[in-house]
Amino acid sequence: MSFAGRIDPVAGGAIDCSFVIPFFNERESLEILYHEIAGECARLDLRIEFVFVDDGSTDGGREVIDRLAAADERISLVRFRRNFGKSAALSAGFREAAGDVVFTMDADLQDNPCEIGNFLSALEQGHDCVTGWKQVRNDPLDKTLPSKLFNGAVNKAFGLSINDHNCGFKAYRRELLGELEMYGELHRFVPALLHARGYRVGQIAVEHRARRFGKSKFGTKRLIKGALDLMTVWLTTRYAARPLHLFGGGGLALSALGFAILGYLSVLWVLGLGPIGDRPLLMLGMLLVLFGGQMISVGLVAEVILRRTIGERDKYSIAERLGSIQRRELQHEVERQIAR
């Protein structure tokens with residue numbers, strides 16, 4: 001589900017910042033958040049747009065956005081037929097965003113729009129993506145504790161030092177959206193996904209306001225989902241282009257251990273040091289050899305499938321093109337604009 005080929009990374013220019021805001025049954029906070037963002041961006045003299053994504057709300061949130069859009073042409077709405085989740089909502093919003101910088105914010109008013117200028121300053125310092133760090137959190141323990149465990153596990157797996165991977169307040173350079181994959185629950189792994197593609201990910205401390213309306217839709221059950229998603233992201237970012245290195249490496253290690261055990265038992269049998277047929281070690285050695293061989297086979301099959309399905313843009317991420325290549329691209333862009 002890559003955005004490659006669907007988002008034009010150079011289509012921006014007329015709009016400075018896009019604000020992608022998913023919401024699900026958060027009617028009371030939508031108008032307040034809109035006025036806060038609009039006021040802060042007016043102070044910063046930014047050309048902006050709003051992309052609200054209704055993730056299957058049933059509380060009348062769509063009517064609030066319709067009323068706001070009637071008075072402000074900068075507002076757009078994407079409405080899902082049912083609740084598809086935050087990753088899907090962000091994915092849909094990214095496809096519609098046209099700003100040079102794309103912000104994501106939660107609709108619960110816990111993110112403070114006064115931080116917008118700080119995000120832009122961090123991007124100007126060379127970062128491609130900047131994520132917020134809720135250094136002082138106004139959440140209960142059943143939400144903060146799983147978050148700490150999750151952040152520690154992701155940092156350990158990817159060699160990162162991000163304090164708050166799951167913060168919904170983020171800012172992106174537009175050009176990276178073409179390589180950001182968002183499905184399932186992968187919105188929690190945005191810094192890790194971008195880091196794996198070679199982008200520079202930074203963080204800034206942000207104010208985290210107390211919840212004013214409703215209650216959190218997340219809890220300790222995120223640990224189970226997060227652990228499974230972590231394995232998915234770790235596998236797809238490190239071994240998606242070389243599955244045999246994962247399965248084959250593990251298979252060779254297990255097979256080597258199995259053959260060592262069988263070799264040891266064979267020496268005992270040759271030396272007449274007792275029967276080996278009733279030893280549990282014999283069964284263990286055979287199982288290790290068989291399981292190791294199966295892992296190697298899975299890796300080889302995965303390599304065959306990958307060779308037929310991998311796309312060119314899945315192999316690497318290009319930061320810049322210079323020289324005659326760049327001139328040809330500019331010429332093609334001019335011809336395309338003329339053709340329109």
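Analyst: Start with helices H1 and H2, which pack at an angle of about 25 degrees with their axes 8 Å apart. An axis here is a line fitted to C-alpha atoms, for helices over the stretch in contact, and the angle runs from 0 to 180 degrees between N-to-C directions. H1 and H2 are therefore roughly parallel to each other. That label covers angles under 35 degrees, while over 145 is roughly antiparallel, 65 to 115 roughly perpendicular and the rest oblique. The crossing of H1 and H2 is right-handed.

A word on the source. This is a predicted model: local features need pLDDT of at least 70, side-chain atom pairs count only at pLDDT 80 or more, and totals for chains, interfaces and linings use all residues. Residues are numbered from 1 along each chain as its sequence is written, and side-chain values use heavy atoms, with hydrogens and water left out.

Now look at who meets whom. H1 brings Arg27, Leu30, Glu31 and Tyr34 to the contact. H2 brings Gly61, Val64, Ile65, Arg67 and Leu68. Contact means heavy atoms within 4.5 Å. The residues of this contact divide into five nonpolar, one polar and three charged. Ala, Val, Leu, Ile, Met, Phe, Trp, Tyr, Cys and Pro count as nonpolar, Asp, Glu, Lys and Arg as charged, and the others, Gly among them, as polar.

Aspartate 45 lies in the loop between helix H1 (27-44) and strand S2 (48-54). Helices (H or I, at least four residues) and strands (E, at least two) are DSSP runs, numbered from the N terminus. The phi of aspartate 45 is positive, about 60 degrees, although this residue is not a glycine. Aspartate 45 is exposed, with a relative accessible area of 67%. Exposed means over 50% relative accessible area, buried under 20%, and partly exposed in between (1.4 Å probe, protein chains only).

The largest nonpolar core has 34 residues. A nonpolar core is a set of buried Ala, Val, Leu, Ile, Met, Phe, Trp, Tyr and Cys residues joined through side-chain atoms within 4.5 Å. Phe19, Ile37, Phe50, Phe52, Phe103 and Ile116 have the most contacts inside the core. Two or more residues each come from strand S1 (17-23), H1, S2, helix H2 (61-71), S4, H4 and strand S7 (201-206). H1 gives the largest share, six residues. A second, separate core of 33 residues includes Val20, Ala97, Val190 and Val201.

Leaving out residues up to four places away in sequence, phenylalanine 50 touches Phe19, Ile21, Tyr34, Ile37, Ala38, Arg74, Ile75 and Ser76. Tyr34 is also one of the H1 residues that meet H2.

The buried residues of H4 are Ile116, Gly117, Phe119, Leu120, Ala122 and Leu123. They pack against S1, H1, S4, strand S5 (129-134), strand S6 (170-173) and S7. Glycine 126 follows H4 and has a positive phi, near 115 degrees.

At 1% relative accessibility, leucine 109 counts as buried. Aspartate 45, by contrast, is exposed.

Finally, zoom out. The protein has ten helices and seven strands. Of its 340 residues, 42% are buried. Among contacts between residues at least 6 apart in sequence, 81% join residues at least 24 apart. One example sits in helix H9 (residues 280-309), the place of glycine 299. Glycine 299 is buried, with a relative accessible area of 0%. Its C-alpha atom is separated by 5.0 Å from that of phenylalanine 247, 52 residues apart along the chain.

Key
A crossing is left-handed if the near helix is turned anticlockwise from the far one by less than a right angle, and right-handed if clockwise.
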